[in-house]
Amino acid sequence: MAKGTSNKQPKLLTRVVKGLGHWLGPETPTGKVFVAAEKSMTKAFDKLGSSDRYLDLVGGALNRALRVRKAYVEAQENWLHLLRLPTSTEMDDLREEVRDAKNQIEALSSQLELVVDALEKSRREAQGVEAVRTNANGSASTERPS
Amino acid sequence: MTTQSTTARLRSFVEGQLELSREIMRAAQKGSMSPYHYVKPFILRAADVGEPPLAPTPHKVVYTNGKMRLLRFEPKVRKHATPILFVYSLINRYYILDFLPGRSLIEFMVGQGYDVYAIDWGTPGAAERRMGWDDVLNVLVKNAVKWALRLSGAKDLTMYGYCMGGTMALAYAALHPQGIRNFVAQATPVDFHEGGVFAEWTKPNRFDVDALVDAYGNVPIELMETGFSSMAPIQRMTKWLEVFRRIDDPDFVTTFLGMEQWASDNVQFPGEIYRQYIKDCYQYNNFCNGRMKVAGQTVDLSKIKAPILNIIADNDTIAPPKSSEILNTIVASTDKEIMRFPVGHIGLSTSSKGPKQIWPKVAGWIAKRSDPWTEG
């Protein structure tokens, strides 16, 4: 190959990645073995995942771990309370109050917008009435015999 | 000359390796469980492509409340007076609806002349822990509807819910039917006792949701990731081999990486609403049976009278067709239709079939039920 041709050789990393993909692809003997292994493992996991016994076992273990953590959090809160330090529940209460306050401000601003809109509407209506009255007066004065 | 070029190549190689190691270390320090963070640096270099251009459609933030943002995607030429409001799920991020250029549902709808709005729930944190149905539906969605109507100058809109966003939007539409002209439910679970593996995993005797929320506040990202990866643990790893094989196809690599980036961009699920969601939907099916309560009001889906389009993915394992089909029998709408497509849950928004086969039909359905836009 002459130097400077446009046929650029792919990077080493590209070749390695592609080679690995093909080596484990369904068209090669190694890949066929891999695909068969993958299928049987998937089948095994599917069977396991739908087994009531397995799910009860995993669920039970998870629930026990969660209850232990919950008890730990409660104990931690009690200690913080004894030390007169803010607990996470109290912080959550505070955050909830802030959120409620924000929502109330937003609701108030919406109501204020409605009031402003209504005022604007009545102002425009009043202006319209005034304009009609002025026009009527103007035309009445022009119609008045001199 | 040769020595110089060899030195330059060697330096570039060493720098590349160092950068790769740094990126992998960063992912490991963050404790990322998704293979995406570890494999992506290699793929980007091997394929010589940049980061996927996700969320490409220009938009403005028109309203915010806490972490939630309402995004407006204005069309260059508006053809429809009735705007579309997308309500996305609290799981993962909204930008799956605005995936990649040419493969974005939002971009497509904007191109059809719709004034489009989308709710981005952001990344919930400690401040969102106690947020429940009432906050989400009666405050956030309600305000999003109000602002969308105000900015678009319309009196009603098309509400477009996707996945859990569809469930929430349906609950909203049942509570506040005024202002909703049409409803599109895409891959929306309704009968949660037909909810596939999630319904099995979250049965009350197997999953103590109270203990989880009381222990953690918000649902941690790691737990969400574990749940998703348990659905197809082997494919989660082996699917990368396909991108290895097609490493010299930049379009395929970009789409694949975009998909994986979105899938690994998990966010915390606000704790209180998670508790209510699991109980009202998966554990006791209150949502489907008209027993779900929001601030004392019952969510009765039979109060929905707006025209309904129910879009179902035939290969959906998250919202199985059986869990969605029932919607058309519950609502009081007289104008209702089901559209089915041979794709998966995410495929409805990202598949190459989207812009050719799926979205034109959906846009046509909405167009027939929207007011035309007249200037002034």
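The model is predicted. Chain B holds an open sheet of eight strands. Over all chains, the structure holds 42 salt bridges.

**The sheet in chain B**
- The strand order is 1-2-4-3-5-6-9-10, and the pairing is mixed.
- Strand 1 (60–65) and strand 10 (336–341) of chain B are the edge strands, and each pairs on one side only.
- Neighbouring strands of this sheet are turned by 20 degrees against each other on average, direction ignored.
- Strand 6 (residues 180–186) and strand 9 (residues 308–313) of chain B run parallel, joined by four bridges.
- Val184(B) has Leu309(B) in strand 9 as its bridge partner.

**The helix across the sheet**
- Helix 16 (residues 353–368) of chain B lies across strands 3, 5, 6, 9 and 10 of chain B.
- Helix 16 runs at about 170 degrees to strand 10 of chain B.

**Salt bridges around Arg275(B)**
- Arg275(B) counts as buried because its relative accessibility is 14%, under 20%.
- Its side chain meets Asp214(B) in a salt bridge (3.1 Å, N to O).
- That pair links helix 11 and helix 7 of chain B, 61 residues apart.
- Arg275(B) also forms a salt bridge with Glu272(B) (3.1 Å, N to O).
- Both of these residues lie in helix 11 of chain B, three residues apart, about one turn of the helix.

**The Asp335(B)–Arg369(B) pair**
- In this salt bridge, the closest N and O atoms are 2.7 Å apart.
- Asp335(B) lies in the loop between helix 14 and strand 10 of chain B, and Arg369(B) in the segment after helix 16, so the pair ties together parts 34 residues apart in sequence.
- Asp335(B) counts as partly exposed at 26% relative accessibility, whereas Arg369(B) counts as buried at 18%.

Note on methods:
Residues are numbered from 1 along each chain as its sequence is written. Chains are lettered from A and ligands numbered from 1 in the order in which they are written. This is a predicted model: local features need pLDDT of at least 70, side-chain atom pairs count only at pLDDT 80 or more; totals for chains, interfaces and linings use all residues. Side-chain values use heavy atoms; hydrogens and water are left out. Two strands pair if DSSP finds at least two bridges between them. Helices (H or I, at least four residues) and strands (E, at least two) are DSSP runs, numbered from the N terminus. Axes are lines fitted to C-alpha atoms, for helices over the stretch in contact, and angles run from 0 to 180 degrees between N-to-C directions. Contact means heavy atoms within 4.5 Å. A salt bridge is a side-chain nitrogen of Lys or Arg within 4 Å of a carboxyl oxygen of Asp or Glu. Buried means under 20% relative accessible area, exposed over 50%, partly exposed in between (1.4 Å probe, protein chains only).
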